[in-house]
Amino acid sequence: MTLFIGQIAALVAAEVRFVVIGGVAAGLHGAGRATFDLDICYDPSAANRERLARLLAGWTAYLRGVEPGLPFTMDARQLVITPVMTLTTSMGDLDVMDRVAGVGEFNEVLAQSVETRVGAVSFRILDLPALVAAKRASARRRDLDQLPELEALLALRRRGA
């Protein structure tokens with residue numbers, strides 16, 4: 001988690017509107033599986049895209065898994081034409097998207113999020129029911145493998161444990 005709090009704190013400081021989703025959100029809900037990147041859903045408004053793009057450019061963001069050295073400019077236009085990106089940055093790996101499968105666009109994601117705090121940093125994470133829906137909708141093997149743990153956490157919460 002400490003690896004990601006620097007990224008999250010920088011996003012908050014830059015006034016980027018976002019919700020943490022994926023493995024970091026699962027970990028904050030109590031899941032035990034390790035994750036190696038931060039996944040966020042961002043508000044696609046023009047001003048927010050500008051703030052996010054400026055921050056990512058400062059982190060020398062580059063497409064993860066793409067041959068180094070190919071032309072790539074991290075700017076707001078890039079976020080418009082590629083609304084889902086897996087990036088490597090000087091601050092660590094980061095996946096950015098403007099919607100979440102199984103949940104919806106940013107406003108639906110925001111509506112199904114909860115505020116959390118790590119140290120001095122407050123931010124929003126996808127709530128557990130929406131996280132389960134997102135993992136199910138993605139149908140990726142690693143997400144499906146994590147479903148039993150997340151569903152057990154959800155059942156415990158619903159029982160008040």
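Predicted model: local features only at pLDDT ≥ 70, side-chain atom pairs only at ≥ 80, totals over all residues.

Colleague: Why is the pair of Tyr-62 and Phe-72 called edge-to-face?
Modeller: Rings of Phe, Tyr and Trp (its six-membered ring) pair if their centres lie within 6.5 Å; planes under 30 degrees apart are stacked, over 60 edge-to-face, and the rest tilted. The centres of Tyr-62 and Phe-72 are 5.8 Å apart and their planes stand at 85 degrees, so the pair is edge-to-face. The count by this rule is one aromatic pair.

Colleague: What makes Tyr-62 buried or exposed?
Modeller: Buried means under 20% relative accessible area, exposed over 50%, and partly exposed in between (1.4 Å probe, protein chains only). Tyr-62 has 18% relative accessibility, so Tyr-62 counts as buried.

Colleague: And how do you know which class Phe-36 belongs to?
Modeller: Phe-36 has 68% relative accessibility and therefore counts as exposed. Leaving aside neighbours within four places in sequence, Phe-36 is in contact (heavy atoms within 4.5 Å) with Phe-4 and Asp-93.

Colleague: What makes a set of residues the largest nonpolar core?
Modeller: A nonpolar core is a set of buried Ala, Val, Leu, Ile, Met, Phe, Trp, Tyr and Cys residues joined through side-chain atoms within 4.5 Å. The largest one has 51 residues, and Ile-8 and Val-20 have the most contacts inside it. Not counting residues up to four places away in sequence, Val-20 touches several residues, including Ile-8, Leu-38 and Phe-123.

Colleague: What makes a space a pocket?
Modeller: On a 1 Å grid over the protein atoms alone, a pocket is an open set of points where a 1.4 Å probe fits, with protein on both sides within 12 Å along at least five of seven lines; lining residues have an atom within 4 Å of a point. The largest pocket holds about 560 Å³ of space. It has 25 lining residues, and Asp-39, Lys-135, Arg-140, Arg-142 and Asp-143 are the closest to its centre.

Colleague: How much space lies in the second largest pocket?
Modeller: About 160 Å³. Among its lining residues are Val-12, Phe-106 and Phe-123. Strand 9 gives the largest share of that lining, three residues.

Methods
Residues numbered from 1 in each chain as written. Heavy atoms only, no water. Points joined across faces, edges and corners; volume = space filled by probe spheres on them. Helix = DSSP H or I, 4+ residues; strand = E, 2+ residues; numbered from the N terminus.
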